[in-house]
Amino acid sequence: MWGGAACAGLVAALVAVALLAGVGGEGGTGGDAAPTSTARPGAVTTAHRPPTTAVAGTPASPAPVPLPVPAPPAGLPGPLDCAVAPAPRPLDSARPRYVADLAVDVVGGTATGEVHVAFIPDLAVDHLVFRLWANGPRSLGAGGGLEVTGVGASARVASTEQPDPTTLVVRLGAPVQAGETVEATVAWRLLLPFRADDRVAFGEGWARLGSVVPLLAWEAGVGWALAPGTAGFAEASLAPAADWDLGVRVAEGYEVLATGALVGDRWLAVGARDVAVSIGRFRRATAVVAAPGPVEVTVAVAEGLPDHPATYLATVSDALTSFAARFGPYPWPAYTLAVTPDLGGGIEYPGHVMQGPSAGDGTTSHEVAHQWFYGLVGNDQGRDPVLDEGLATYAELTHLGVALDPAAWPMPDTALGAAGQPMAYWDQHADSYYEGVYVQGALALAALGPPDLVDCGLRAYAAENAWAIATPAGLVATMARVAPAAPAVLASYGIG
Ligand SMILES: [Zn+2]
């Protein structure tokens, strides 16, 4: 995602660097909150500690890295052959399968829903954990909330409890063994905050419902993800790639865009970690983009907003094509972008993105990049936010031609070397979150070598971790196959 008050610093810094780099247009000038950063264009900072082994590119003289790739340190796999497209890891055939139905009252700002999920754990479990992200601190603070109204399971339900607002624990009467299927149903009702700058909100003629369906927070080989909900803008924890069959009921006159492809009156998605729904009366622009397979792209702008769908469509199409060439094929047959009011920046979902009005090319391409780094390659957004935000920012800024020169990005003390910190840390240092995770994550990658080499590593990382939950250690190991100094360089930014 890109937005919220915390991103103001990045916007200011991006504008500064974009100006320095001669990048025109809308990059970073989008609908985020007013800049509050003290970042100065071209300021030479002593706050950032450039990694001593880094090969940091500069606008004037990108540092050369000899090719072919040198041998990595002992104990790691051999260097990557960048001439060979890596084969993606296959989607787990035992992935969860959700059937969900929502009924949304856009005028009243309420919704009811029910989800049925078939789940095959790879470890024995005696309870299920659903995360209720609509009860995150940000949503509750804005007056929203989700109330569970019913729970059922194919195994006997011994008890249910909510140890915190975002966590629903369903204790089973008998354990489910690894490889066995357990089915569960959760029903709920939802209060949408009025005009909230968030993924759950409603206003006159529109509604956003992101992360409102209770999700199984299962990490294969590890177990349930129980980290507390963060106050950060649209961050959650993790969810496995899953199949979805989603129905959305609204009153006549409203239109729906959602994760997946519309088949009949259902939104069907394969390998999606979460789903989101945007409702409104829209002006649309559509195109079919080769990424490299055909991807149906739809941009929809809510009635009353001055934004032009065709402008976003061009940016999305360009970014999809570019990122597919750099990081591997776009994983779904459709991409939809809904622009609705009262949202600063953008929020990514697999195949569907929510953006606020006036978002520039920076936000739009950043959210496209999340389709690879968050969508295809999952991560624990609470534990390792740099894996989605840092990588998406790297993709965005390099796509825009913004030089990633550490000297141009003043780094607050609380961000310096802290790119790998979890959201629990950034909740305490929200003012430096963007510099610390987004910018520093991008700088860390740029420090590994020239863009072609870094892209080669990211393409392999995306293939190796496709549909899975990646870790910082996995990123370091893969990048070490194109840049042997990667462990030391990334560690100097706090990644490892
Ligand atoms: Zn983001």
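Predicted model: local features only at pLDDT ≥ 70, side-chain atom pairs only at ≥ 80, totals over all residues.
Q: Why is Thr167 called buried?
A: The relative accessible area of Thr167 is 2%, and buried means under 20%, so the term applies to Thr167.

Q: Which residues does Thr167 touch, not counting residues up to four places away in sequence?
A: Thr167 touches Val129, Phe130, Arg131, Glu161, Gln162 and Leu226.

Q: Where in the secondary structure is Thr167?
A: Thr167 is in strand S6, which covers residues 167–176.

Q: How do you know that S5 and S6 pair?
A: Two strands count as paired if there are at least two bridges between them. S5 and S6 have five bridges, in the antiparallel sense. Glu161 stands opposite Val169 in S6.

Q: In what order do the four strands of the open sheet come?
A: The order is S5-S6-S3-S10, with antiparallel pairing. What makes strand S5 (157–164) and strand S10 (215–216) edge strands is that each pairs on one side only.

Q: How do you know that Cys82 and Cys456 form a disulfide?
A: Their sulfur atoms are 2.0 Å apart, and the cut-off for a disulfide is within 2.5 Å. The count by this rule is one disulfide.

Q: Which parts does the pair Cys82 and Cys456 tie together?
A: Cys82 lies in the loop between helix H1 (8–20) and strand S1 (97–105), whereas Cys456 lies in helix H8 (residues 451–464). The pair therefore ties together parts that are 374 residues apart in sequence.

Q: What is the handedness of the disulfide of Cys82 and Cys456, and why?
A: The torsion about the S-S bond is about -90°, so the disulfide is left-handed.

Q: Why is Cys82 called partly exposed?
A: Cys82 has 31% relative accessibility.

Q: Is Cys456 buried or exposed?
A: Cys456 has 4% relative accessibility and therefore counts as buried.

Q: What share of the residues in the protein is buried?
A: Buried residues make up 58% of the 496 residues.

Notes. Residues numbered from 1 in each chain as written. Heavy atoms only, no water. Helix = DSSP H or I, 4+ residues; strand = E, 2+ residues; numbered from the N terminus. Buried < 20%, exposed > 50% of the residue type's maximum accessible area, 1.4 Å probe, protein only. Contact = heavy atoms within 4.5 Å.
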